[in-house]
Number of protein chains: 2
Amino acid sequence: MNEDKLFEILAEPNRRKILDYLRARERSVGELVALLSLSQPGISKHLRILRQAELVTVRKDAQQHLYRLNAEPLQGIHDWFEPYRQYWTNKLDDLEKQLDEEEQ
Amino acid sequence: MNEDKLFEILAEPNRRKILDYLRARERSVGELVALLSLSQPGISKHLRILRQAELVTVRKDAQQHLYRLNAEPLQGIHDWFEPYRQYWTNKLDDLEKQLDEEEQ
DNA sequence: CAGTTATATTTCCGTCAAGTTATATAATTA
DNA sequence: TAATTATATAACTTGACGGAAATATAACTG
């Protein structure tokens, strides 16, 4: 799964919410339907996309399908931001420097 | 500009490329047109969106409009990833631990 | 086995974003 | 001032996405 596709997948707010909910623990489809305000097919559709991106894994327990977070693919996207971090970090440094100077 | 909107804006590959190019230095619209394979109106359209999100600023030099990166708004999105970082960080720790054990 | 529960898939529809072409605006130059 | 250069905006088209409703599949229960 390439960077473009991953960004696109994460651009959908409900999908980000699903991932957020899965951070705590694995969840059944029904739980997610209850948590988000979306129809069951809507949830399943998003889960399929997350599955294909390997952002989640499933295991079956009787009729229930339990989804678990797999955060690894996020690392790639996270890395895109790395070169930009220095900008707000520097800005912060500047502020600190300014505050230090004001103390004199 | 809220998180949802920012994610959506960054989901577009050409917009990310524009930001990437602006990391080095400010650029005119014409330069960006030359760098990306998009029509001039296409570039201008993306620049407008980036401007509204305050991800870029403009200054005018004669006919040229020079765009400069403003990375600050990215911080908000970057923060979304923070709670997920431990997952791949832990995975890395596990690997290191495993490697250490293998050395015995 | 019939009915029920849990989830997935299909189909259809409306919306919206991204691209292009054409046009407008603004500054420069001959 | 007319022509040219640089950029922005408008109008239009098209494709893809997200949502709901309907249907299919699979497992459980009585």
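Two strands pair if DSSP finds at least two bridges between them; helices (H or I, at least four residues) and strands (E, at least two) are DSSP runs, numbered from the N terminus. By that criterion, strand β2 (residues 56-61) of chain A pairs with β3(A) in the antiparallel sense over six bridges. The model is predicted: local features need pLDDT of at least 70, side-chain atom pairs count only at pLDDT 80 or more, and totals for chains, interfaces and linings use all residues. Residues are numbered from 1 along each chain as its sequence is written, chains are lettered from A and ligands numbered from 1 in the order in which they are written, and side-chain values use heavy atoms, with hydrogens and water left out.

**Fold**
- Chain A contains five helices and three strands.
- Its elements follow the order α-α-β-α-α-β-β-α from the N terminus.

**Strand pairing**
- Lys60(A) has His65(A) in β3(A) as its bridge partner.
- Two residues separate β2(A) and β3(A), which form a hairpin; in the turn, Ala62(A) has a positive phi of about 60°.
- β3 (residues 64-69) of chain A also pairs with strand β1 (residues 27-28) of chain A, in the antiparallel sense over two bridges.
- Opposite Arg27(A) stands Tyr67(A) of β3(A).

**Burial, contacts and surface**
- Of the 104 residues in chain A, 37% are buried (under 20% relative accessible area, 1.4 Å probe, protein chains only).
- Among contacts (heavy atoms within 4.5 Å) in chain A with a separation of 6 or more, 51% link residues 24 or more positions apart.
- Chain A has an accessible surface of about 6400 Å², and 45% of this belongs to carbon and sulfur atoms; accessible areas come from the Shrake-Rupley method with a 1.4 Å probe.

Methods: Buried means under 20% relative accessible area, exposed over 50%, partly exposed in between (1.4 Å probe, protein chains only).
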